[in-house]
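Let's take a friendly walk through a protein chain, from the overall picture down to one strand and its neighbours. Have a look at the structure, then read on.

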Amino acid sequence: HNIVITEGWLLGFSEGDGTFHYIISKESFTYSVGKKNSEALMIAIKNFLESRVPEGSINSVERDAVKIYPSKPGVLQLIVRDLGFIELVIIPLFDSLTWHTKKKLDYEDWKFIIELRKNGHHYTEKGRCLIACIAGQMNNNRLSTSDAPKVDRTLLLQEIANLLLESNYISSLYPPLGRLAKRPLSPSGRGATTYPPRGIRRLETNTNIHICICFKGRFAGIAS
C-alpha cells in the first residue's frame, strides 16, 4: 500500500526511533532513523526528505545524500551525513515543528555543534573542549543510567553563548542563547543576572567564568 509521510509523523518517529549524532574523531554529523522489516517505510522517508531540497540548491547537497543500510538482521537504517542536506532540509524541517520529548535536547545540542564549527571554534582548544562537552551529554549519555559526567544544562548553554559571542555571533537557531551570554558586571560589583529559557531556574552568575574541563581530549566536567 502507499505510505504517506507527513512532517508531524516523521518528527514523532524521530523522537522515538531517531538519533542525532556527532562523531568527534571523524568530525561528522549524522541523522538516522531505523526500524525492523521496514524497507518500504525507509524508501518513503527517503523520498519525502529528498523532495524537500529547495529548488536551485541541488548542487549544494551530496548526490544520494539520504542512504539506507541494513544495521542488523531484519533492521534497516536511514542515514543522512551530508552537512549541506542537513542544513537545507533536516534543520528547517525540525525547526518548524513542536517537539514533545527530551530528544529535542539532542537535536539542539547537535545544532549547537554545527554552529560552533561553522564559526571556526573547532580550531581552538576552548572550542574543541566545549564541543566534546556537548557531544558527551547527547543520546545514551543523557540517560540517568549512564555513567557519563553530567553537566548543569544552564551552565552549558551559557558556555555556548559566551563562545559564540566571542565571534560576535549568537545562534539564530536558539535565540535564548542571546539572553544567556555573559553580561557586564553591575555597578554593585556582582555578576549580572541572566535569564535562562523557560523551564530552567533563574541563575545569578558571579565574576567567575564557567569553563569546560577536558582531560586527554575528552570532556571531564564544568568548573566555575
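This is a predicted model: local features need pLDDT of at least 70, side-chain atom pairs count only at pLDDT 80 or more; totals for chains, interfaces and linings use all residues.

Residues are numbered from 1 along each chain as its sequence is written, and side-chain values use heavy atoms, leaving out hydrogens and water.

The chain contains seven helices and eight strands; these are DSSP runs numbered from the N terminus, helices being H or I with at least four residues and strands E with at least two. Of its 224 residues, 47% are buried, meaning under 20% relative accessible area with a 1.4 Å probe, protein chains only.

Now find strand S2, residues 28-36. Seven of its nine residues are buried, so S2 is largely enclosed by the rest of the structure.

Which strands pair with S2? Pairing here requires at least two bridges found by DSSP between two strands. Strand S1 (residues 18-23) runs antiparallel to S2 and is joined to it by six bridges; Thr-19, for instance, has Ser-32 in S2 as its bridge partner. Four residues lie between the strands of this hairpin, and Glu-27 there takes a positive phi near 50 degrees. Strand S4 (residues 75-80) also pairs with S2 in the antiparallel sense, over six bridges, and Val-33 stands opposite Leu-78 in S4.

Methods. Buried means under 20% relative accessible area, exposed over 50%, partly exposed in between (1.4 Å probe, protein chains only).
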